[in-house]
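I opened the model to go through a few elements and write down what I found. These are my notes, in the sequence I took them.

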Amino acid sequence: MAARIVYVHGAGPKPRAELLKSQWDRALFGRDMGELSHLAYWAPVLHERPLPDPVPDPLEGASTAVAEAEREREAPRPPALEDPAQFMARTATEARAGGAAGRVPGGGALGGWLRDMTYMAEALALAEEPRPGPGEEPLPEALPLPRPARTALFRLLVQHVFEDVHAYFFGAAGRAIRQAVTDALDAAGAGEGDDGREGPLVVVGHSLGSVVAYEVLAARNPRVDLFVTLGSPLAVTEVQDCLAAPPAVPSRTGLWLNASDARDLVALDHTLRPEYAPPGRITDVLVRNNGENHHAAAEYLSDVLVRDPVRRVCARTR
């Protein structure tokens, strides 16, 4: 049976549903997926009108991920790592030529390579360094308050800064937003009676959409082959305080891939393991979003660390 994929977008007004689904399809697969993909389009619950087609999503920035994914379908990218001997020879030639690439640290192959290596070192250090002991944290993960006081302060913060988050957790919009996700799962054939006879199911949630998707999966527990969360705040303690159930991997979710950019300010904590047990079914990855907005969904979707696992699952048959 053919694979199915369900997208759950994040906060803010969005483009019309057909356009948004097409953008995510093209960023992830390089083409429109037609009836194989479904969008949980909950923006109308909180926003009266979609964004006009020429207006970019303010939470996305000027992303080039869609165009790059489409170009890759036509002509696959060369290997990311150049042969070291060729690299050194070419760099030396550029330096001897006295061009900008040889003089300017940020220019040419050498400058780009240094920038890439610097970022990767920072990202790996953030992901792999030992957790500091009590009182040593540079930034506390949670407000040092009892849960009721913490929740009250979180509610006050999102009421004034993140209106959609406040409406979801503390307003009257949560049920309608979750219903949009439920309807999309039903359209994909992943309702409560799903016994796995359909093709593989992938659920992708971005930002606040990852929280909504998680709560629906936790409550309904359909069979999901891969759950993907992008730029997710699910590791933030104040968000976990507001979840309907204690954090845990839904029992019928096979694998969970959590991707974040170290510069994404929404994903304040980049690891879900081991807070969502069992940790062996969650993989946390750091990616590098090159767009103007490091929280952009399309940039996440087109990254090889997200794109390839989704494509592999979608290539399976049952």
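I began with the buried residues of H1: Leu19, Leu20, Lys21, Ser22, Trp24, Asp25, Ala27, Leu28 and Phe29. The model is a predicted one, and I read the entries below with that in mind.

I then checked the length of helix H1, which covers residues 17-29. Its 13 residues should span 18 Å at 1.5 Å a residue, and the end C-alpha atoms are 18 Å apart, so the two values agree. Next I looked at what comes after the helix: Gly30 follows H1 and has a positive phi, near 80°.

I moved on to strand S5 (253-261). How many of the nine residues of S5 are buried? I found seven, so I noted the strand as mostly covered, buried being under 20% relative accessible area.

I looked up the neighbours of S5. Strand S4 (residues 224-230) pairs with S5 in the parallel sense over six bridges. From S4 the chain crosses to S5 through helix H10 (residues 237-242), and I noted this β-α-β crossover as right-handed. S6 also pairs with S5 in the parallel sense, over six bridges.

I took Asn258 of S5 as a reference point. Thr229 stands opposite Asn258, and in S6 the bridge partner of Asn258 is Asp284.

Last, I went to the loop between strand S5 and strand S6 (282-287), where Asp269 sits. Is Asp269 buried or exposed? Its relative accessibility is 13%, so Asp269 counts as buried, the cut-off being under 20%. I also noted that a polar atom of the Asp269 side chain lies 3.0 Å from the backbone nitrogen of Thr271.

Technical notes:
Residues are numbered from 1 along each chain as its sequence is written. This is a predicted model: local features need pLDDT of at least 70, side-chain atom pairs count only at pLDDT 80 or more; totals for chains, interfaces and linings use all residues. Side-chain values use heavy atoms; hydrogens and water are left out. Helices (H or I, at least four residues) and strands (E, at least two) are DSSP runs, numbered from the N terminus. Buried means under 20% relative accessible area, exposed over 50%, partly exposed in between (1.4 Å probe, protein chains only). A polar contact is a pair of N or O atoms within 3.5 Å; within protein, one must be able to donate a hydrogen and the other to accept it, and residues adjacent in sequence count only if both atoms are side-chain atoms. The expected span of a helix is 1.5 Å times one less than its number of residues. Two strands pair if DSSP finds at least two bridges between them. A crossover is right-handed if, with the strands pointing away from the viewer, the path from the first strand over the helix to the second runs clockwise.
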